[in-house]
Amino acid sequence: MDKPLGCLTRSGLIAAIATVLIAGASALISRFQIFSPGALNASAAEASRAGINSHAEIPECGACHAAIWESGTMGERCLACHEGIRAEFDDPGSLHGVLEDPTRCQTCHTEHRGATSSLTRYDMLDFPHRMTGYSLAAHTMGESEQTVGCAGCHGHPPTTFQVGTCDLCHRDLDQEGMAAHMGWVGDDCLACHDGEDRYGAVFRHAETGFVLTGGHAEVGCAGCHAGAANAAALQATPRECVACHADADVHGGALGDDCSACHLVAAWAPTEFDHQTASFELLGAHAEVACGDCHTDLRFLGTPRTCFECHAPDDPHAGELGFDCARCHNEEGWEEITLDHDLTAYPLEGAHVEASCEGCHVGGRFAGTPTECAQCHIEEDAHEGQYGTFCGACHQPTEWGDATFDHARSDFPLTGAHRAIPCVQCHEGAVFQPISTECSACHGDPAYHAGLFSANCSLCHSTSAWLPAQFNLAHSFPMGHEGAGGNCRLCHPDTLANYTCYGCHEHRRAKIREEHEEVSNLANCVRCHPKGREADDD
Amino acid sequence: MRQGTELWAAGFTIVGVGAVYLWVMLAFGTPRAGGLVGHGLGVLGFLLMISTETLYSLRKRAVHRPWGRLSSWLKFHIYTGIVGPFLVLLHTAWSFRGLAAVLSLATGLVVLSGFIGRYIYTAVPRTADGLALEIETLREQLAVARQELQEQVKGVAWEPSPEAARGVRASWRVVLGRGIEDFYYRLRTWWQLQRANPQLRGQLAKVRGLELRNIELQRQVASLGIARRLLSIWHTIHIPLGVVLFALALFHIGAALYFATLSR
């Protein structure tokens, strides 16, 4: 470097030295007042100390500002004069008594802001108001109409607080509620409210471990907390039902103290008692009836458990079926019978299963119900008693038509085609006895027979079918003529009383006439040919 | 780099920082000198002022180990010399009392002195590296400029300006008053161009530009010695002012540490 820095030039050094000398001298002469960033507060104190009435009259900076090498702090120098404030430190009810470090005066109180400027300048949002025992969590701090300033609650000085101050604002918010509330707890709001978790409309009773639901949500605070005028008394409110509801116990204490075992918070009735715990589960209709129907006079102990004990008056059987209703009935209703008839002496089969109980048990009478068919069905007997009273000999329980009579046991065993026809085809009008067993009783003589035979059909026919028939009587003309094979209609096309030879093989009428010019009656061939042979006419 | 860039940059910085400060002031009140914002402004401003005072001086003297162009360091010197005091001004919280008031006054004086110094400094023609030109070089440049002007005015109805017709004589008024003279010249030229034939307007503007360059060179040739003497005088005043400023600032910082920061 050719030249020294400007500050190291002669003019620079002279200026530096001159400045240091002048500034230093000024500081000493002014007692360091030249470093003061602003005028001190000039408000007169309530009492002077050493002839000083205000901060502005303090002659030296060192009166408040402790030097680095000196012991003590600025706060201690403040308190050396402000002895009354120091006294507050030991009072937890005072403003300074709740501060974490009250000796840091400069945190809230600042100086050098002018002769008339306030000495207390702190942000209300930063002030640990909770330390005073009352949080401002629910009070928006500020100076607008929607917020609360110090003067909104406090007088002067702001460490004071008058009982009843809360009411001034809160009555405007909820006049009726506040009047009722203060009517039973008084006006010492801070005795219960801490501004943070025990205040007004947003108080959450559930957080106390006692949720207000049902009927409890409807009653006023005094309903449970009557006479409690502070937080401790409120918290000491008993939680057991009987503590409040003993007078309302309709059971006279017979069921113990645990109301919640049966009752809901919503109301005394309906209850939520788990009847299973009483070894008597409420099913069907039992679940629908009111408690008092079984527990007369709301007496629960000793309540009968058997059906008949309660339902004896309802018994339409007049006790003749015994006392075990559950044998036939269930809880769903008397009409729903659950009797297993198979377990009785008369299992239900066929149509009996579908029949109504009343159909057999007329008048609801079950004892002595007849078990013989005819005893019920006598009026339905199509046979008018001709076969006795044991219907089951022929009929099934399914329907009357489903009969299974063994005809072989009769005088007319069914064979052949007789086995396939319905009963009524022979037993017209359901008349079964007496009935003729002759064929002609049912089967008329056909015109083809031309009355040649009597009613004894079985001479030629079997029961299998009318045809083929087997002629077993005397027949002068060979039935096996030219392979006729017993086919009657081959020679007797119209009736058995007539015959004709024409229409077969060479027996054409023209040809016969040509060959029998000498015969006048060409219809009676048998007369000349009795054996059917050409040579017969010899 | 354009001429006056550092002034624009300083202006934008001042407007930007000023806008933020204004918003903080309206939203939260005037930042206290001892608060986070006020203290930060003061510390940053002082660091910039320290830079102003030292870095450019060191670079000027670092002939054998130069780092960066001298003109760039001058721009940085001017930029920090404007922005630094502005931040310190915001740090005052508009309270001028005791030593702080004297310190503010000294800061203002140094800044004002700096503007004057820059004005004188620009009267001395320099190379792009900031080195002052010698008179011979200036005369050569003037001869070239005259030749160029004569060629350009051929065929143009042109009359020399009063400044050109009057000529330039060596005087300290020439150095200090050149700004006003140039301003009037530019204003008159603009007026003439507005009334000139539009077809000849471009050539006329070029001629006037060359004429102004001739005048400036004549001025520099004539007053180079005077300009250097004025710059030397200014240094003699400006350097002690700066020293006074920093001496007072150290007193202020010491008192702030003693009475506030280190106070228990």
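Predicted model: local features only at pLDDT ≥ 70, side-chain atom pairs only at ≥ 80, totals over all residues.

**Interface.** Residues are numbered from 1 along each chain as its sequence is written, chains are lettered from A and ligands numbered from 1 in the order in which they are written, and side-chain values use heavy atoms, with hydrogens and water left out.

I searched for salt bridges between chain A and chain B and got a count of zero. The criterion is a side-chain nitrogen of Lys or Arg within 4 Å of a carboxyl oxygen of Asp or Glu. Polar contacts between chain A and chain B come to three residue pairs, both residues at pLDDT 80 or more. That term means a pair of N or O atoms within 3.5 Å; within protein, one must be able to donate a hydrogen and the other to accept it, and residues adjacent in sequence count only if both atoms are side-chain atoms.

Which helix gives the largest share of the side of chain A that touches chain B? I find α1(A), with eight residues. That side divides into 19 nonpolar, 13 polar and five charged residues. The classes: Ala, Val, Leu, Ile, Met, Phe, Trp, Tyr, Cys and Pro count as nonpolar, Asp, Glu, Lys and Arg as charged, and the others, Gly among them, as polar. By contact (heavy atoms within 4.5 Å), 37 residues of chain A meet 24 residues of chain B.

**Helix packing.** Helices (H or I, at least four residues) and strands (E, at least two) are DSSP runs, numbered from the N terminus. Axes are lines fitted to C-alpha atoms, for helices over the stretch in contact, and angles run from 0 to 180 degrees between N-to-C directions.

I checked α1(A) against α9(B): the angle is about 35° and the axes are 8 Å apart. On the α1(A) side I noted Gly12(A), Ala16(A) and Val20(A), among others, and on the α9(B) side residues including Ile239(B), Val243(B) and Phe251(B). The contact of α1(A) with α9(B) has eleven nonpolar, five polar and no charged residues.

The contact residues include Phe46(B) and Glu53(B) of α2(B) and Phe246(B) and Ile253(B) of α9(B). The contact of α2(B) with α9(B) splits into eight nonpolar, four polar and two charged.

**Local checks.** The whole structure holds eight salt bridges over all chains. One I opened joins Asp167(A) and Arg171(A), closest N and O atoms 3.0 Å apart. Both sit in helix α5 (residues 165-173) of chain A, four residues apart, about one turn of the helix.

I then went to the loop between α17 (439-442) and α18 (488-491) of chain A, where Pro468(A) lies. The peptide bond joining Leu467(A) and Pro468(A) is cis, with omega about -5°. Ala450(A) is found in the loop between α17 and α18 too. Its phi is positive, about 55°, although Ala450(A) is not a glycine.
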